[in-house]
Amino acid sequence: MAVKKFMYVNRKAPYGTVYALESLEVVLIGAAFDQDVSLAFIGDGVYELTKGQDTKAIGQKNFSPVYSALGDYDVNKIYVEKESLEERGLTLDDLQHLVWEDEDEDYAEKDSIRLVSRAELADVMSEQEIILSF
Amino acid sequence: MKFSIQVNEGPYQKQASDTAYQFAKAAIAAGHEIFRIFFYHDGVNNATKLAVPPQDDRHIPKLWSELSKEHNLDLVVCIAAAQRRGMMDADEAKRQGFEDNNLIEGFRISGLGQLIEAGIESDRLVVFGA
Amino acid sequence: MGLLHTVNKSPFESNTFDACLGYALDGSTVLLIEDGVYAATTGTSAAEKIKNASGVTFAVLGPDLQARGLESKLADGIKVVDYEGFVNLVAEHDSVQSWL
(Lines give C-alpha, C1' and ligand atoms only; values in the text may rest on other atoms or scores of the structure.)
Protein backbone atom coordinates (compact mmCIF):
# COMPACT_ATOMS: atom_id res chain seq x y z
CA MET A 1 0.00 0.00 0.00
CA ALA A 2 1.23 3.47 -0.89
CA VAL A 3 2.46 5.67 1.94
CA LYS A 4 1.06 9.18 1.92
CA LYS A 5 1.85 12.25 3.94
CA PHE A 6 -1.08 12.81 6.30
CA MET A 7 -1.40 15.87 8.50
CA TYR A 8 -3.97 16.28 11.24
CA VAL A 9 -4.58 19.96 11.93
CA ASN A 10 -5.80 20.64 15.46
CA ARG A 11 -7.13 24.14 16.05
CA LYS A 12 -9.78 23.64 18.73
CA ALA A 13 -9.46 23.58 22.51
CA PRO A 14 -10.63 20.44 24.35
CA TYR A 15 -13.88 19.88 26.33
CA GLY A 16 -15.77 23.00 25.14
CA THR A 17 -16.41 21.10 21.90
CA VAL A 18 -15.90 17.47 20.93
CA TYR A 19 -13.56 18.12 17.98
CA ALA A 20 -10.30 17.58 19.89
CA LEU A 21 -11.39 14.22 21.32
CA GLU A 22 -12.84 12.89 18.09
CA SER A 23 -9.84 13.98 16.03
CA LEU A 24 -7.57 12.14 18.48
CA GLU A 25 -9.68 9.05 17.84
CA VAL A 26 -8.96 9.35 14.11
CA VAL A 27 -5.22 9.66 14.80
CA LEU A 28 -5.26 6.44 16.86
CA ILE A 29 -7.16 4.47 14.21
CA GLY A 30 -5.07 6.02 11.43
CA ALA A 31 -1.85 4.87 13.10
CA ALA A 32 -2.66 1.29 12.07
CA PHE A 33 -2.36 2.24 8.39
CA ASP A 34 1.40 2.94 8.53
CA GLN A 35 1.24 6.29 6.80
CA ASP A 36 3.62 9.24 7.18
CA VAL A 37 1.73 11.07 9.92
CA SER A 38 2.19 14.58 11.32
CA LEU A 39 0.09 16.42 13.87
CA ALA A 40 -0.09 20.21 13.88
CA PHE A 41 -1.31 22.17 16.89
CA ILE A 42 -2.24 25.70 15.90
CA GLY A 43 -4.26 28.41 17.62
CA ASP A 44 -6.46 27.09 20.44
CA GLY A 45 -5.32 23.60 19.44
CA VAL A 46 -2.26 24.09 21.66
CA TYR A 47 -4.59 23.94 24.67
CA GLU A 48 -5.12 20.23 23.91
CA LEU A 49 -1.58 19.51 25.09
CA THR A 50 -1.50 21.36 28.42
CA LYS A 51 -0.42 19.29 31.40
CA GLY A 52 -2.43 19.03 34.59
CA GLN A 53 -5.86 18.65 32.96
CA ASP A 54 -8.41 17.45 35.52
CA THR A 55 -11.95 16.97 34.23
CA LYS A 56 -13.55 15.24 37.22
CA ALA A 57 -15.75 18.17 38.16
CA ILE A 58 -17.13 18.76 34.64
CA GLY A 59 -18.20 15.16 34.21
CA GLN A 60 -16.16 14.47 31.08
CA LYS A 61 -13.41 11.96 30.47
CA ASN A 62 -9.88 13.38 30.66
CA PHE A 63 -8.38 12.24 27.36
CA SER A 64 -5.13 14.20 27.68
CA PRO A 65 -3.11 11.12 28.82
CA VAL A 66 -3.72 9.62 25.36
CA TYR A 67 -1.34 12.16 23.80
CA SER A 68 1.54 10.69 25.78
CA ALA A 69 0.76 7.25 24.27
CA LEU A 70 1.05 8.50 20.67
CA GLY A 71 4.76 7.70 20.61
CA ASP A 72 3.90 4.00 21.05
CA TYR A 73 1.79 4.26 17.89
CA ASP A 74 4.74 5.68 15.92
CA VAL A 75 3.07 9.07 15.85
CA ASN A 76 6.05 11.21 16.74
CA LYS A 77 5.99 14.28 14.52
CA ILE A 78 4.00 16.64 16.67
CA TYR A 79 4.35 20.22 15.51
CA VAL A 80 3.40 22.99 17.93
CA GLU A 81 3.24 26.49 16.52
CA LYS A 82 5.45 28.83 18.54
CA GLU A 83 3.43 32.00 17.88
CA SER A 84 0.20 30.33 19.03
CA LEU A 85 1.82 29.30 22.31
CA GLU A 86 3.23 32.78 22.89
CA GLU A 87 -0.05 34.53 22.08
CA ARG A 88 -1.64 32.44 24.82
CA GLY A 89 1.04 33.18 27.40
CA LEU A 90 2.26 29.59 27.31
CA THR A 91 5.67 27.96 26.90
CA LEU A 92 6.69 24.35 26.22
CA ASP A 93 6.89 23.86 30.00
CA ASP A 94 3.11 24.25 30.18
CA LEU A 95 2.64 21.32 27.80
CA GLN A 96 2.98 17.61 28.40
CA HIS A 97 6.41 16.17 27.70
CA LEU A 98 5.73 13.80 24.80
CA VAL A 99 8.36 11.25 23.84
CA TRP A 100 8.89 8.23 21.59
CA GLU A 101 11.46 5.45 21.53
CA ASP A 102 13.70 5.23 18.47
CA GLU A 103 14.09 1.53 17.56
CA ASP A 104 17.01 2.36 15.28
CA GLU A 105 19.00 3.89 18.12
CA ASP A 106 18.60 1.24 20.80
CA TYR A 107 15.22 2.61 21.86
CA ALA A 108 16.63 5.98 22.80
CA GLU A 109 13.91 8.28 24.12
CA LYS A 110 13.32 11.31 21.92
CA ASP A 111 11.05 14.32 22.08
CA SER A 112 7.95 14.10 19.89
CA ILE A 113 7.08 17.79 20.09
CA ARG A 114 8.73 20.04 17.54
CA LEU A 115 8.33 23.69 18.43
CA VAL A 116 8.25 25.51 15.09
CA SER A 117 7.47 28.97 13.81
CA ARG A 118 4.34 29.66 11.79
CA ALA A 119 6.48 30.04 8.66
CA GLU A 120 8.21 26.70 9.25
CA LEU A 121 4.88 24.94 9.88
CA ALA A 122 3.40 26.53 6.74
CA ASP A 123 6.20 24.86 4.76
CA VAL A 124 5.55 21.48 6.40
CA MET A 125 1.82 21.85 5.71
CA SER A 126 2.43 22.65 2.06
CA GLU A 127 4.24 19.31 1.62
CA GLN A 128 1.24 17.25 2.79
CA GLU A 129 -0.90 15.12 0.51
CA ILE A 130 -3.90 14.68 2.79
CA ILE A 131 -4.86 17.26 5.41
CA LEU A 132 -7.54 16.30 7.90
CA SER A 133 -9.09 19.23 9.75
CA PHE A 134 -11.67 19.02 12.49
CA MET B 1 -9.65 12.60 -10.61
CA LYS B 2 -10.68 10.64 -7.53
CA PHE B 3 -12.15 12.76 -4.73
CA SER B 4 -13.25 11.98 -1.19
CA ILE B 5 -15.23 14.29 1.05
CA GLN B 6 -15.46 14.56 4.84
CA VAL B 7 -18.54 16.19 6.41
CA ASN B 8 -18.08 17.27 10.03
CA GLU B 9 -21.40 18.97 10.78
CA GLY B 10 -25.04 17.92 10.86
CA PRO B 11 -27.83 19.25 8.64
CA TYR B 12 -29.46 22.69 9.04
CA GLN B 13 -27.46 24.07 12.01
CA LYS B 14 -24.42 24.78 9.81
CA GLN B 15 -24.01 25.24 6.06
CA ALA B 16 -21.29 22.56 5.87
CA SER B 17 -23.52 19.73 4.65
CA ASP B 18 -25.19 21.97 2.03
CA THR B 19 -21.82 23.08 0.68
CA ALA B 20 -20.48 19.53 0.65
CA TYR B 21 -23.59 18.42 -1.29
CA GLN B 22 -23.22 21.16 -3.90
CA PHE B 23 -19.52 20.38 -4.18
CA ALA B 24 -20.18 16.65 -4.65
CA LYS B 25 -22.78 17.33 -7.34
CA ALA B 26 -20.42 19.68 -9.18
CA ALA B 27 -17.55 17.19 -8.94
CA ILE B 28 -19.70 14.44 -10.44
CA ALA B 29 -20.95 16.78 -13.18
CA ALA B 30 -17.34 17.63 -14.04
CA GLY B 31 -16.60 13.95 -14.56
CA HIS B 32 -14.68 13.27 -11.36
CA GLU B 33 -15.10 10.11 -9.35
CA ILE B 34 -16.26 10.33 -5.73
CA PHE B 35 -14.51 7.51 -3.91
CA ARG B 36 -16.30 8.07 -0.61
CA ILE B 37 -18.11 10.64 1.50
CA PHE B 38 -17.37 10.21 5.18
CA PHE B 39 -19.66 11.69 7.84
CA TYR B 40 -17.97 12.47 11.15
CA HIS B 41 -18.69 14.40 14.37
CA ASP B 42 -22.29 15.77 14.19
CA GLY B 43 -22.09 15.03 10.46
CA VAL B 44 -23.49 11.59 11.27
CA ASN B 45 -26.88 13.28 11.79
CA ASN B 46 -27.15 13.83 8.03
CA ALA B 47 -28.06 10.15 7.81
CA THR B 48 -31.29 10.30 9.79
CA LYS B 49 -34.42 8.92 8.15
CA LEU B 50 -36.64 10.61 10.75
CA ALA B 51 -36.19 14.24 9.64
CA VAL B 52 -39.39 16.00 8.56
CA PRO B 53 -38.41 19.51 7.46
CA PRO B 54 -41.10 21.97 6.28
CA GLN B 55 -42.23 21.32 2.69
CA ASP B 56 -40.66 24.52 1.35
CA ASP B 57 -37.26 23.64 2.82
CA ARG B 58 -34.70 21.20 1.42
CA HIS B 59 -34.62 17.71 2.89
CA ILE B 60 -30.90 17.29 3.43
CA PRO B 61 -30.79 13.59 4.40
CA LYS B 62 -33.03 12.78 1.43
CA LEU B 63 -30.87 14.86 -0.94
CA TRP B 64 -27.83 12.83 0.08
CA SER B 65 -29.78 9.60 -0.13
CA GLU B 66 -31.00 10.36 -3.65
CA LEU B 67 -27.58 11.52 -4.84
CA SER B 68 -26.15 8.27 -3.54
CA LYS B 69 -28.77 6.23 -5.40
CA GLU B 70 -28.32 8.16 -8.63
CA HIS B 71 -24.53 7.94 -8.72
CA ASN B 72 -23.87 4.86 -6.61
CA LEU B 73 -21.99 6.91 -3.98
CA ASP B 74 -20.41 5.37 -0.90
CA LEU B 75 -21.81 7.39 2.03
CA VAL B 76 -20.19 6.22 5.26
CA VAL B 77 -21.26 7.23 8.75
CA CYS B 78 -18.56 6.87 11.41
CA ILE B 79 -19.64 4.21 13.86
CA ALA B 80 -17.95 5.73 16.93
CA ALA B 81 -19.49 9.16 16.31
CA ALA B 82 -22.84 7.54 15.40
CA GLN B 83 -23.03 5.48 18.57
CA ARG B 84 -22.49 8.59 20.71
CA ARG B 85 -25.29 10.39 18.89
CA GLY B 86 -27.82 7.60 18.56
CA MET B 87 -27.59 6.92 14.83
CA MET B 88 -27.87 3.27 13.88
CA ASP B 89 -28.54 0.94 11.01
CA ALA B 90 -30.65 -2.22 11.37
CA ASP B 91 -27.73 -4.51 12.26
CA GLU B 92 -26.29 -2.17 14.87
CA ALA B 93 -29.72 -1.52 16.38
CA LYS B 94 -30.29 -5.24 16.71
CA ARG B 95 -26.88 -5.73 18.28
CA GLN B 96 -27.59 -2.98 20.82
CA GLY B 97 -31.04 -4.37 21.60
CA PHE B 98 -33.08 -1.55 20.04
CA GLU B 99 -36.25 -2.26 18.08
CA ASP B 100 -35.79 0.59 15.60
CA ASN B 101 -33.05 1.99 13.48
CA ASN B 102 -32.86 5.48 11.97
CA LEU B 103 -30.51 5.35 9.00
CA ILE B 104 -31.87 6.58 5.68
CA GLU B 105 -31.23 4.45 2.58
CA GLY B 106 -27.92 5.07 0.85
CA PHE B 107 -25.78 5.46 3.99
CA ARG B 108 -23.85 2.72 5.73
CA ILE B 109 -22.16 2.64 9.12
CA SER B 110 -18.51 1.73 9.37
CA GLY B 111 -15.27 2.51 11.19
CA LEU B 112 -12.87 5.43 11.11
CA GLY B 113 -10.48 3.32 9.06
CA GLN B 114 -12.77 4.10 6.12
CA LEU B 115 -11.77 7.77 6.39
CA ILE B 116 -8.05 6.96 6.39
CA GLU B 117 -8.54 4.55 3.49
CA ALA B 118 -10.38 7.30 1.59
CA GLY B 119 -7.35 9.55 2.11
CA ILE B 120 -5.02 6.87 0.82
CA GLU B 121 -7.12 5.88 -2.18
CA SER B 122 -8.18 9.36 -3.34
CA ASP B 123 -6.27 12.05 -5.18
CA ARG B 124 -7.90 14.75 -3.04
CA LEU B 125 -9.73 14.88 0.27
CA VAL B 126 -11.89 17.93 0.99
CA VAL B 127 -13.20 18.60 4.50
CA PHE B 128 -16.41 20.53 5.16
CA GLY B 129 -17.11 21.63 8.70
CA ALA B 130 -17.69 24.62 10.93
CA MET C 1 0.65 24.13 -7.45
CA GLY C 2 0.61 24.62 -3.73
CA LEU C 3 -2.28 24.34 -1.32
CA LEU C 4 -5.87 25.38 -1.66
CA HIS C 5 -7.02 26.92 1.62
CA THR C 6 -10.71 27.33 2.36
CA VAL C 7 -12.10 29.77 4.95
CA ASN C 8 -15.76 29.57 5.97
CA LYS C 9 -15.97 32.03 8.89
CA SER C 10 -16.68 35.74 8.95
CA PRO C 11 -13.46 37.65 9.72
CA PHE C 12 -15.52 39.70 12.19
CA GLU C 13 -16.55 36.63 14.18
CA SER C 14 -13.37 34.59 14.34
CA ASN C 15 -9.63 34.76 13.65
CA THR C 16 -9.82 31.92 11.12
CA PHE C 17 -9.21 34.21 8.14
CA ASP C 18 -6.09 35.67 9.78
CA ALA C 19 -4.89 32.22 10.81
CA CYS C 20 -5.23 31.10 7.21
CA LEU C 21 -3.30 34.11 5.88
CA GLY C 22 -0.37 33.11 8.12
CA TYR C 23 -0.20 29.82 6.23
CA ALA C 24 -0.94 30.96 2.69
CA LEU C 25 2.39 30.69 0.89
CA ASP C 26 3.21 32.11 -2.51
CA GLY C 27 1.50 30.06 -5.18
CA SER C 28 -1.36 28.99 -2.95
CA THR C 29 -5.01 29.98 -3.29
CA VAL C 30 -7.42 31.06 -0.56
CA LEU C 31 -11.07 30.33 -1.35
CA LEU C 32 -13.66 32.14 0.76
CA ILE C 33 -16.88 30.15 1.22
CA GLU C 34 -20.02 30.31 3.40
CA ASP C 35 -19.59 33.12 5.99
CA GLY C 36 -15.99 33.45 4.83
CA VAL C 37 -17.23 35.54 1.89
CA TYR C 38 -17.61 38.60 4.15
CA ALA C 39 -13.80 38.92 3.95
CA ALA C 40 -14.16 39.59 0.22
CA THR C 41 -16.23 42.77 0.55
CA THR C 42 -15.06 46.35 0.08
CA GLY C 43 -14.26 48.66 2.96
CA THR C 44 -13.26 45.85 5.32
CA SER C 45 -9.87 45.33 6.94
CA ALA C 46 -9.91 41.80 5.55
CA ALA C 47 -10.15 43.11 1.98
CA GLU C 48 -7.20 45.37 2.75
CA LYS C 49 -5.17 42.34 3.86
CA ILE C 50 -6.13 40.54 0.65
CA LYS C 51 -4.85 43.50 -1.36
CA ASN C 52 -1.52 43.37 0.45
CA ALA C 53 -1.01 39.60 0.24
CA SER C 54 1.03 39.35 -2.94
CA GLY C 55 1.80 35.95 -4.37
CA VAL C 56 -1.45 34.46 -3.06
CA THR C 57 -4.55 34.10 -5.25
CA PHE C 58 -7.92 34.89 -3.67
CA ALA C 59 -11.23 33.49 -4.81
CA VAL C 60 -14.76 33.67 -3.46
CA LEU C 61 -17.66 31.28 -3.91
CA GLY C 62 -20.19 33.27 -5.95
CA PRO C 63 -23.32 31.42 -4.79
CA ASP C 64 -22.47 32.29 -1.16
CA LEU C 65 -21.83 35.94 -2.06
CA GLN C 66 -25.15 36.17 -3.94
CA ALA C 67 -27.06 34.46 -1.14
CA ARG C 68 -25.85 37.17 1.24
CA GLY C 69 -26.70 40.05 -1.11
CA LEU C 70 -23.11 41.21 -1.43
CA GLU C 71 -22.24 40.71 -5.10
CA SER C 72 -22.02 44.47 -5.67
CA LYS C 73 -19.71 44.88 -2.67
CA LEU C 74 -17.01 42.53 -3.98
CA ALA C 75 -13.51 43.98 -3.49
CA ASP C 76 -11.05 44.17 -6.39
CA GLY C 77 -8.59 41.39 -7.09
CA ILE C 78 -10.80 38.52 -5.98
CA LYS C 79 -11.87 35.89 -8.47
CA VAL C 80 -15.48 34.68 -8.33
CA VAL C 81 -16.06 30.95 -8.83
CA ASP C 82 -19.13 28.71 -8.77
CA TYR C 83 -19.17 25.16 -7.35
CA GLU C 84 -17.67 23.86 -10.58
CA GLY C 85 -14.87 26.41 -10.16
CA PHE C 86 -14.43 25.20 -6.56
CA VAL C 87 -14.01 21.65 -7.88
CA ASN C 88 -11.48 22.86 -10.45
CA LEU C 89 -9.47 24.66 -7.76
CA VAL C 90 -9.32 21.45 -5.71
CA ALA C 91 -8.13 19.51 -8.75
CA GLU C 92 -5.52 22.14 -9.70
CA HIS C 93 -3.87 22.33 -6.27
CA ASP C 94 -1.75 19.65 -4.58
CA SER C 95 -4.00 19.35 -1.55
CA VAL C 96 -6.64 21.18 0.46
CA GLN C 97 -6.55 22.65 3.97
CA SER C 98 -9.97 23.64 5.30
CA TRP C 99 -9.65 26.27 8.02
CA LEU C 100 -12.65 25.29 10.13
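Mentor: Start with the residue counts. Chain B puts 20 residues in contact with 22 residues of chain A. Bear in mind that this is a predicted model. The area buried between chain B and chain A is about 1,700 Å². Carbon and sulfur atoms give 61% of that area.

Now the charges. The rule finds three salt bridges across the interface of chain B and chain A. One of the pairs to look at is Arg84(B) with Glu22(A). Their closest N and O atoms are 2.8 Å apart, and they form a salt bridge. Polar contacts between chain B and chain A come to 11 residue pairs, with both residues at pLDDT 80 or more.

Which elements of chain B do the touching? Helix 3 (79–85), helix 5 (113–121) and strand 5 (124–128) of chain B each give two or more residues to the side that touches chain A. Helix 5 of chain B gives the most, with six residues. By type, this side of chain B divides into 10 nonpolar, six polar and four charged residues.

Next, chain C. Here 15 residues of chain C are in contact with 16 residues of chain A. The buried area between chain C and chain A is about 1,200 Å², and carbon and sulfur atoms give 58% of it.

On the side of chain C that touches chain A, strand 1 (3–7), helix 1 (16–21) and strand 5 (95–99) of chain C each supply at least two residues. Strand 5 of chain C has the largest share, five residues. This side of chain C holds seven nonpolar residues, seven polar and one charged.

The largest nonpolar core has 84 residues. Tyr8(A), Ile37(B), Trp64(B) and Phe86(C) have the most contacts inside it. Helix 1 (residues 16–29) of chain B supplies the largest share of this core, eight residues. Take Ile37(B) as a focus. Leaving aside neighbours within four places in sequence, Ile37(B) is in contact with Ile5(B), Val7(B), Ala24(B), Trp64(B), Leu73(B), Asp74(B), Leu75(B) and Val76(B).

Key: Residues are numbered from 1 along each chain as its sequence is written. Chains are lettered from A and ligands numbered from 1 in the order in which they are written. This is a predicted model: local features need pLDDT of at least 70, side-chain atom pairs count only at pLDDT 80 or more; totals for chains, interfaces and linings use all residues. Side-chain values use heavy atoms; hydrogens and water are left out. Contact means heavy atoms within 4.5 Å. Buried area is the accessible area (1.4 Å probe) that two parts lose on being put together, summed over both. Helices (H or I, at least four residues) and strands (E, at least two) are DSSP runs, numbered from the N terminus. Ala, Val, Leu, Ile, Met, Phe, Trp, Tyr, Cys and Pro count as nonpolar, Asp, Glu, Lys and Arg as charged, and the others, Gly among them, as polar. A nonpolar core is a set of buried Ala, Val, Leu, Ile, Met, Phe, Trp, Tyr and Cys residues joined through side-chain atoms within 4.5 Å. Buried means under 20% relative accessible area, exposed over 50%, partly exposed in between (1.4 Å probe, protein chains only). A salt bridge is a side-chain nitrogen of Lys or Arg within 4 Å of a carboxyl oxygen of Asp or Glu. A polar contact is a pair of N or O atoms within 3.5 Å; within protein, one must be able to donate a hydrogen and the other to accept it, and residues adjacent in sequence count only if both atoms are side-chain atoms.
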